[in-house]
Amino acid sequence: MQSSSETAFIEIIASGPLLTIQDSGRPTARRYGVPVGGAMDRFALAAANRLVDNHPDAPALELTAGGIQLRFSTRMVIGLAGADLQAQLDNVPLAPWCSAVVSAGSTLSLRGRRGKWGGRAYLAVAGELAATWAVGGAGTCLPSGFGGYEGRALRAGDRIAVRLRSRLAMVGTRWWPLERRPPYCAQPQLRLLPGPQRHLLPEAWATLLTATFQIDQASSRQGYRLIGPALPPHTLSLSSFGVVPGAIQIPPDGQPILLMADAQPTGGYPVIAVVIGADLPLAAQLLPGDQLSFIETDLTTAQTMLAQQAAWLTAGPEEDDSDWLLAQAGAVG
Amino acid sequence: MSVWIDLMGEAALLVRWSAEAAAAGAPLAVTAALQRNLPPGVIDLVPAIDSLLVCFDPLATDRDQLSTQLTELARHPPLTALPVGREVVIPVHYGGKDGPDLPEIAAQTGLTPTEIISLHTATEQRVIMIGFAPGYPYLGWLPPVLHLPRRKTPRVAVPAGSVAIAAGLTGIYPATLPGGWHLIGRTELRLFDPTADPPTLLQPGDRVRFVAL
């Protein structure tokens with residue numbers, strides 16, 4: 001083991017509203033009552049990791065909204081993917097969906113959303129972020145306080161150890177082509193499959209497909225409360241059953257909840273629809289106040305879109321340090 | 001036997017049974033059968049009171065074949081092959097400040113607190129599901145006299161270890177959580193430990209005996 005590897009770390013100078021270590025989640029933990037968790041935007045997480053040759057499921061930093069500042073203790077290779085949060089590396093703009101070499105002592109700051117969309121970006125480091133493995137994952141389970149960094153959100157002063165690869169491959173800057181990314185946008189129209197209780201609440205289903213909704217302030221990694229036209233209240237009382245991120249629950253008050261990564265794995269509210277997996281990255285980029293709508297789709301589309309995203313991740317980034325190509329990717333300030 | 005199978009998105013199927021089939025143990029029997037011989041692509045099984053969520057990798061699963069297999073299995077759950085289940089003893093401090101709702105349950109049921117404790121400890125209860133919070137077990141079933149609706153006003157903070165009843169079931173709070181069940185006692189056992197494997201003290205199918213301290 002090299003001493004330089006042991007001392008490498010990322011220091012948090014400012015965390016923004018929520019900064020956590022996340023990986024691809026705990027797919028087999030639901031049976032223990034543990035949320036699947038992991039990155040809200042799994043695609044961006046995988047892309048950030050692929051940009052630096054990590055395993056796509058490896059733990060990385062989930063950066064939320066903005067107001068974030070990080071310092072690198074030593075020279076390392078980073079990959080940034082997801083929302084454009086106006087990242088600057090030592091005051092030089094750094095576009096997302098690119099890798100970059102950072103020098104010892106350099107600072108990465110992210111002010112916040114540049115355009116009309118985006119809420120979460122992922123920072124991967126070539127090598128391995130120190131994260132506590134628990135219940136089949138290394139991500140931070142905020143509701144129960146385990147995994148990640150001491151089971152909690154990162155705050156100013158925290159130092160995350162990084163085990164760098166013994167041989168730092170100084171490849172040219174990599175970038176992730178636009179045509180291999182999900183169609184991120186403002187006011188996304190998320191595609192739905194009907195849920196198990198869709199027929200019990202036909203009016204709610206009809207309203208869901210015609211109205212525009214806004215993400216409530218009372219939203220978190222567990223789920224988004226959706227503000228929109230009043231859906232009819234109901235008195236359906238069901239036994240709890242297993243649910244999934246993407247499920248849209250209708251509580252008795254009629255205000256829909258879109259379950260996200262940290263949702264409890266069981267719930268008793270009727271599930272009238274489920275957002276297809278391929279559109280969850282779009283949902284993950286929403287912040288309180290953002291708008292969205294829904295459209296019905298079919299299983300074939302859900303399957304095709306998911307396969308397409310898997311193929312994009314397999315294809316990986318482009319390896320070319322030509323300035324022209326970087327400009328095409330929006331990587332040059 | 002009435003069975004419903006619905007998609008829960010493209011990566012999960014929700015199997016639901018009638019109350020009778022559920023009470024006979026269909027969700028646990030089918031869970032056990034699937035665990036013995038996990039179909040290709042299936043990632044996780046979430047048994048619940050009258051349902052089972054089967055989660056799979058949609059890019060590695062023949063959904064139609066899985067659905068057919070589940071339908072067949074769900075209609076004819078191998079109830080006789082239900083695993084015996086581990087026996088777990090849970091010591092409980094009943095009543096007092098650990099079980100503040102005991103007097104109220106006594107008033108509602110016409111039983112004395114001692115009779116309630118006797119009934120609760122005399123009934124062997126099976127872990128039907130883990131849910132609500134990490135390691136939170138739902139155990140059933142209680143004798144009909146102890147079937148109570150949830151409290152009208154839930155508590156903001158139920159202390160960790162609290163043993164509570166509602167809707168014919170016993171629950172145990174693994175951590176301090178909000179909750180609407182009636183608190184009858186408290187155990188000092190740790191129900192959820194993220195550093196342990198498995199992380200939960202109880203698993204679906206376990207047989208639990210409560211012992212009064």
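How many bridges join β1(B) and β2(B), and is their pairing parallel or antiparallel? β1(B) and β2(B) pair in the antiparallel sense, over five bridges. The legends below refer to a predicted model.

**Figure 1. The four-stranded sheet of chain B.** The sheet is open, its strands follow the order β1-β2-β4-β3 (chain B), and the pairing is antiparallel. β1 and β3 of chain B are the edge strands, each pairing on one side only. On average, neighbouring strands of this sheet are turned by 15° against each other, direction ignored. Between β1(B) and β2(B), which share five bridges, V3(B) has W17(B) in β2(B) as its bridge partner.

**Figure 2. Helices packed on the sheet of chain B.** Helix α2 (residues 26–36) of chain B packs on the sheet and touches β2, β3 and β4 of chain B. The direction of α2 makes about 160° with that of β3(B). Helix α3 (residues 63–75) of chain B also packs on the sheet, where it touches β1, β2 and β4 of chain B. For α3, the angle with the direction of β1(B) is about 155°.

**Figure 3. The contact between chains A and B.** The contact involves 33 residues of chain B and 34 residues of chain A. On the side of chain B that touches chain A, the elements giving two or more residues are β1 (3–7), β2 (12–17), β3 (42–47), β4 (51–56) and β6 (125–130) of chain B. β3(B) supplies the largest share of this side, four residues. By residue class, the side of chain B that touches chain A consists of 23 nonpolar, six polar and four charged residues.

**Figure 4. Strand β10 of chain A and its pairing partners.** All six residues of strand β10 (residues 120–125) of chain A are buried, so the strand is largely enclosed by the rest of the structure. R120(A), Y122(A) and A124(A) point one way from β10(A), while A121(A), L123(A) and V125(A) point the other way. Strand β3 (residues 60–64) of chain A runs antiparallel to β10(A) and is joined to it by four bridges; here T64(A) is the bridge partner of R120(A). Strand β5 (residues 76–82) of chain A also pairs with β10(A) in the antiparallel sense, over five bridges. In that pairing, V125(A) is the bridge partner of I78(A).

**Figure 5. The surroundings of T132(A).** T132(A) is found in the loop between β11 (127–129) and β12 (159–164) of chain A. It has 18 C-beta neighbours inside 10 Å and therefore counts as partly exposed. Leaving aside neighbours within four places in sequence, the contacts of T132(A) are A138(A), G147(A) and G148(A). T132(A) and G148(A) are 16 residues apart along the chain, and their C-alpha atoms are separated by 5.0 Å.

Figure 6. Chain A has six helices and 23 strands. Its radius of gyration is 20 Å, close to the 20 Å that the globule rule gives for 333 residues, so chain A is as compact as a globular protein of that length. The C-alpha trace of chain A spans about 60 × 40 × 30 Å along its principal axes. Of the 333 residues in chain A, 53% are buried. Among contacts in chain A with a separation of 6 or more, 76% are between residues 24 or more positions apart. The average pLDDT of chain A is 92, and 92% of the residues score at least 70. Over residues 1–5 of chain A the pLDDT is below 50, and this stretch has five contacts in the model beyond near neighbours in sequence. Where pLDDT is low, the predicted coordinates should not be read in detail.

How values were computed:
Residues are numbered from 1 along each chain as its sequence is written. Chains are lettered from A and ligands numbered from 1 in the order in which they are written. This is a predicted model: local features need pLDDT of at least 70, side-chain atom pairs count only at pLDDT 80 or more; totals for chains, interfaces and linings use all residues. A residue is buried if 20 or more other C-beta atoms lie within 10 Å of its own, exposed if 12 or fewer, and partly exposed in between; C-beta atoms are placed from the backbone. Two strands pair if DSSP finds at least two bridges between them. pLDDT is the predictor's confidence in each residue, from 0 to 100. Two residues are in contact if their C-beta atoms, placed from the backbone, lie within 7 Å. Ala, Val, Leu, Ile, Met, Phe, Trp, Tyr, Cys and Pro count as nonpolar, Asp, Glu, Lys and Arg as charged, and the others, Gly among them, as polar. The radius of gyration is taken over C-alpha atoms; the globule rule is 2.2 Å times the number of residues to the power 0.38. Axes are lines fitted to C-alpha atoms, for helices over the stretch in contact, and angles run from 0 to 180 degrees between N-to-C directions.
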